[in-house]
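Please keep the sequence and the structure in view while reading.

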Amino acid sequence: MEGNSAHQIKSICVFCGSNLGKNAKFVEASNNLGKVLAKRKIHLVYGGGSLGLMGCVSTAAHVGGSQVLGIIPTALAEGNFVGKTVGEELQVPTMQDRISKMLDNSDAFIALLGGIGTLEEIFQIASWAQLNIHHKPIGLLNIDGFFNKLLSFLDQAGEENFIPHSARQIFISASTTEEMVDKLEDFVYKLDPVAAQIDWSKGNSSKKRKMDLSLHL
């Protein structure tokens with residue numbers, strides 16, 4: 001198990017799109033997130049490259065003085081599919097290695113605005129929290145109501161007993177960057193009693209994150 005409850009956050013991993021989107025508020029919010037991280041002296045971890053909102057948040061954080069770490073699969077880096085990484089770049093063999101390194105190098109996670117990749121990343125991190133692999137806070141930065149329908153889905157899944165309350169409270173939501181960071185820092189994880197019995201130390205730590213977490217939990 002990795003991570004603690006309420007604590008000082010020194011680094012945040014941001015998941016977001018490699019496109020800018022249609023709403024100018026999304027670009028503004030991405031730039032502001034980078035500036036807020038720099039102002040609070042919080043390091044940024046992200047998926048590498050310089051395209052879209054990923055480029056906005058990483059550039060703003062880097063210019064503001066934050067340390068920026070882009071973690072990217074070698075296939076994407078060498079193919080120049082996502083542009084030049086801002087700050088330090090860590091190349092890894094696979095997408096699964098990338099998400100594992102993101103977990104290792106981050107104290108908290110924020111899903112900004114994005115598509116399938118953003119959702120895949122934030123839900124995998126949330127699945128690991130549900131399974132007691134880590135207790136690091138996870139936030140959905142709900143700019144201009146972008147995640148409203150997703151939050152409604154999570155609530156409905158909870159009402160239908162597919163997501164227990166302990167798992168639903170994993171997701172923190174806020175409409176502004178400042179509120180989001182404050183909530184991440186104040187978050188106290190309430191572990192499900194069943195998940196608390198899972199002991200990952202008995203397995204090979206290098207393999208534990210390679211599980212298929214798409215199972216119906």
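F26 is buried in this predicted model, because its relative accessible area of 12% is under the 20% limit for that class. F146 is partly exposed, with a relative accessible area of 34%.

**Aromatic rings**

- The whole structure contains 5 aromatic pairs.
- In the pair formed by F26 and F146, the ring centres lie 5.6 Å apart and the planes meet at 80°. The pair is edge-to-face because this angle is over 60 degrees.
- F26 belongs to helix α1, whereas F146 sits in the loop between β6 and α6 (148–159). The pair therefore ties together parts of the chain that are 120 residues apart in sequence.
- F26 and F146 also belong to one aromatic cluster, together with F147.

**Salt bridges around R40**

- How many salt bridges does the structure hold? The number is 6.
- One of them joins the side chains of R40 and D182, with a distance of 2.9 Å from N to O. This pair links distant parts of the chain, 142 residues apart: R40 lies in the loop between α1 (24–39) and β2 (43–46), and D182 lies in helix α8 (residues 177–186).
- R40 also meets the side chain of E185 in a salt bridge, at 3.8 Å from N to O. Since E185 lies in helix α8 and R40 in the loop between α1 and β2, this pair ties together parts that are 145 residues apart in sequence.
- Are these three residues buried or partly exposed? R40 counts as partly exposed at 31% relative accessibility, D182 counts as partly exposed at 35%, and E185 counts as partly exposed at 25%.

- K183 forms a salt bridge with E179, and their closest N and O atoms are 3.3 Å apart.
- K183 and E179 are 4 residues apart in helix α8, so about one helical turn separates them. In general, an α-helix has 3.6 residues a turn, so residues three or four places apart point the same way.
- K183 is partly exposed, with a relative accessible area of 33%, and E179 is partly exposed, with a relative accessible area of 30%.
- Elsewhere, salt bridges that share partners join R40, D182 and E185 into one network.

**Helix α5**

- Helix α5 (residues 116–130) is made up of 15 residues. From its first C-alpha to its last it reaches 21 Å, which is close to the 21 Å expected at 1.5 Å a residue.
- Which residues of α5 are buried? They are T118, E121, I122, Q124, I125, A126, S127, W128 and A129.
- The cover over these buried residues includes strands β1 (11–15), β5 (108–111), β6 (138–141) and β7 (171–174), as well as helix α4 (95–104).
- N132 follows α5 and has a positive phi, near 70°.

Definitions and conventions:
Residues numbered from 1 in each chain as written. Heavy atoms only, no water. Salt bridge = Lys/Arg side-chain N within 4 Å of Asp/Glu carboxyl O. Helix = DSSP H or I, 4+ residues; strand = E, 2+ residues; numbered from the N terminus. Buried < 20%, exposed > 50% of the residue type's maximum accessible area, 1.4 Å probe, protein only. Expected span 1.5 Å × (residues − 1). Contact = heavy atoms within 4.5 Å. Phe/Tyr/Trp six-rings, centres within 6.5 Å; stacked < 30°, edge-to-face > 60°.
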